[in-house]
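Subject: The structure to look through

Hi,

Here is the structure to look through before we next talk. Open it up, and then read on for what turned up in it.

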Amino acid sequence: MTSAYQASKDPLPQASTGIRDDNRSGRVAQPPVEPWRPGDPYSHPVPKPQEPWKHCHTLIQDYDKGILEAWKEEVDKLLVFTDSTDSSAQIFEQILEELRRPSPDSLNPRAFSSRAPTPISWGVVRINVLWFLSLTLSLTTVLIGTLCMQWIREYHRDAHLPHKDTISLRQMRYEGLLNWKVPAIMSTLPLLLQCAVILFFAGLLDFLWSLNTIVAAVITVAVSSTILFLVLTTIAPCLQFLYLGEQDFHAVQCPYKSPQSWAFFRLGLGILRIAFLGSNSQSWISIFNVVKIKRALRDRNWIEHDLEQWRRIRGMDDLVRGIIWIDKTFSQSLEVVYSIYHCLMDLDISGAAQVVSEVNPGAAERLNIVLRNSTHQFRSEKRENINVTFWETHRRMHPDLKSYYLESVIRITNVQDSLPFIDWPVKDILVLPRDIIQQFLMSIASMVGRDLVTGPNAITIWALLRRVVEQNRKTGLGSHPDLVISIVDKFDQWVVRSKPGLEQKDRVSICVYGMVKVFRSSFDFHLAGREHPGLYVVVSLAISLDALLNQGVLSEALTPYVSQRWLELVNRCYHFQGLSKGGDERADTAIMA
């Protein structure tokens, strides 16, 4: 099957399980294997949950449910402890009854109604401050707790939207919850109640109580602060909506949503709309957008307001951040990683790239370069780069992902103008499916043949060949002998194409060390040559490198260990070619020099 992507690109040479149709061996080449490219169907599809968006939605629902239930339980306990205002009044009534005994500082209620004020000591003032402040803090805890329960109820209200849209809506609300300090406000409730209890018991240490201007001033400040908090949280959503311009709705949304805040929101917008109708001032219109207010007045509740006024403008931003949050929170589960992957496939290129870049900041720059590159014009190629980065992020935590990672790497590698990847799973290559190993070796041969490999790439490739050959070192070249030979043949051309100087030295040195590690003394050329007639390619590279070493290409001598192993390898190659002993001595002299 040929995709539109393949038809539009310069064709790559087809690889086969046999490297060539060699007349000397009489071996018939097997049918060519088509290289994998971006846009082709996956040979190893990623497991897909029945509904990935539903799975992600369920995850965040369970997460929110745990947090909200904990908050509700905490508020309920606080409300039970305060036991409403009636219980507080009964407590104070009992205390006043105990203190109605004749004394200079008695708390006789008839004294309060007397026009002739009696002298009040500082102790009475102090007791009044402590007890009334304790009562005020207790009632404040009840009030703020009730407000928080209203906000939580509105946050958790189900809008009955598709799972994908619900994730976006929830992420917008969740970020507003955090940035507008709702968890911090919830955490202050126990502190307020504890302060109230401490103040109440402190007041019991004194026995005198009365009222004066100081008491009134202190209590007024406490009550005013509580009322101010109530007013600010009620008008905050309306003020934010009016303050933000049409392009500023990407800001964090205020979560202080309650019935009274919705009533003020509607009232405030209605008054402003009437004021606009009777005003000719252009400055007012520039500050408060009449169209925005008229559109908002059509909303019947906070849910419609979120969908029509916020989500309509914010676009995909909330959905992208929602997926990022799910990945960072639940990616320890392999099933969740699969769901996130399929959700990314459902996003557009820019949204998926933003998610992957946030999850893996180290690869963000490389990914952005690829996506901005004008030569990467096909969506399938850009999508494959995103997939590679996503699998690269998670494969260390989940080793089962390495086959999907390598398949994406193969597809990118087979693109002529792609950037080669260095981070290959060399150690785990033998446990991967056979077709992935085959395609990987084919892509490597194509890379080397197109001169796309760098020094680190070449070192990694030789390490990979060593792992493959180690499967059957003595009599064979592993499970893919012809592809191993093909890669060695490409390395021969890679050395020939090198420019004299530093580049040639580096390539010769890399290949010498690679040959020594792959074809060790235990490798029998004669036995392997009977099964694989194309083995002469390995001998050809060894002899070519030997000639370059004899010419003094390397300014620095090889290490003693490598020199000895290289000498043994060259001698075995000469023997395999059936050369004379003089040829062996010539090789020995060249190496020793």
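A residue counts as buried when its relative accessible area is under 20%, and as exposed when that is over 50%, with partly exposed in between. By that cut-off Trp391 is buried, because its relative accessibility is 1%. Keep in mind that this is a predicted model.

First, the overall picture. The protein has 26 helices and two strands. Of its 593 residues, 48% are buried. If you take contacts between residues at least 6 apart in sequence, 79% of them join residues at least 24 apart.

Now the aromatic rings. There are 21 aromatic pairs. In one of them, Trp262 and Phe265, the ring centres are 5.5 Å apart and the planes are at 15°, so this pair is stacked. Both residues sit in helix α9 (residues 259-277), and being three residues apart puts about one helical turn between them. Why does that spacing matter? An α-helix has 3.6 residues a turn, so residues three or four places apart point the same way. Trp262 is buried at 13% relative accessible area, and Phe265 is buried at 0%.

Trp391 has a ring partner too: with Tyr404 it makes a tilted pair, 5.6 Å centre to centre and 35° between the planes. Trp391 belongs to helix α17 (residues 379-394) and Tyr404 to helix α18 (residues 402-413), so the pair ties together parts that are 13 residues apart in sequence. Tyr404 is buried as well, at 12% relative accessibility. Both belong to a cluster linked by ring pairs, together with Tyr338, Tyr341 and Phe390.

Some rings have a charge over the face. Arg170 lies over Trp325, 4.1 Å from the ring centre, and Arg395 lies over Tyr405 at 4.3 Å.

What does Gln171 touch, leaving aside its neighbours within four places in sequence? Its contacts are Asp318, Arg321, Gly322 and Trp325. Gln171 is itself buried, at 4% relative accessibility.

Asp318 and Arg321 also meet each other, in a salt bridge with N to O at 2.9 Å. They lie in helix α13 (residues 317-330), three residues apart, which is about one turn of the helix.

Another one joins Asp346 and Lys164, whose closest N and O atoms are 3.6 Å apart. This pair links distant parts of the chain: Asp346 is in helix α14 (residues 334-346) and Lys164 is in helix α6, 182 residues apart. Asp346 is partly exposed at 42%, and so is Lys164 at 25%. Arg37 and Glu34 form a salt bridge too, at 3.2 Å from N to O. There, Arg37 is buried at 7% and Glu34 is partly exposed at 36%. Elsewhere, Asp451, Arg497, Glu503 and Arg507 are linked in a salt-bridge network.

One last stop is helix α21 (residues 481-496): at 1.5 Å a residue, its 16 residues should span 22 Å, and its end C-alpha atoms are 23 Å apart, which agrees. Since 13 of those 16 residues are buried, α21 is largely enclosed by the rest of the structure.

Key:
Residues are numbered from 1 along each chain as its sequence is written. This is a predicted model: local features need pLDDT of at least 70, side-chain atom pairs count only at pLDDT 80 or more; totals for chains, interfaces and linings use all residues. Side-chain values use heavy atoms; hydrogens and water are left out. Helices (H or I, at least four residues) and strands (E, at least two) are DSSP runs, numbered from the N terminus. Buried means under 20% relative accessible area, exposed over 50%, partly exposed in between (1.4 Å probe, protein chains only). Contact means heavy atoms within 4.5 Å. Rings of Phe, Tyr and Trp (its six-membered ring) pair if their centres lie within 6.5 Å; planes under 30 degrees apart count as stacked, over 60 as edge-to-face and the rest as tilted. A charge sits over a ring if NZ of Lys or CZ of Arg is within 6 Å of the ring centre and within 35 degrees of the ring normal. The expected span of a helix is 1.5 Å times one less than its number of residues. A salt bridge is a side-chain nitrogen of Lys or Arg within 4 Å of a carboxyl oxygen of Asp or Glu.
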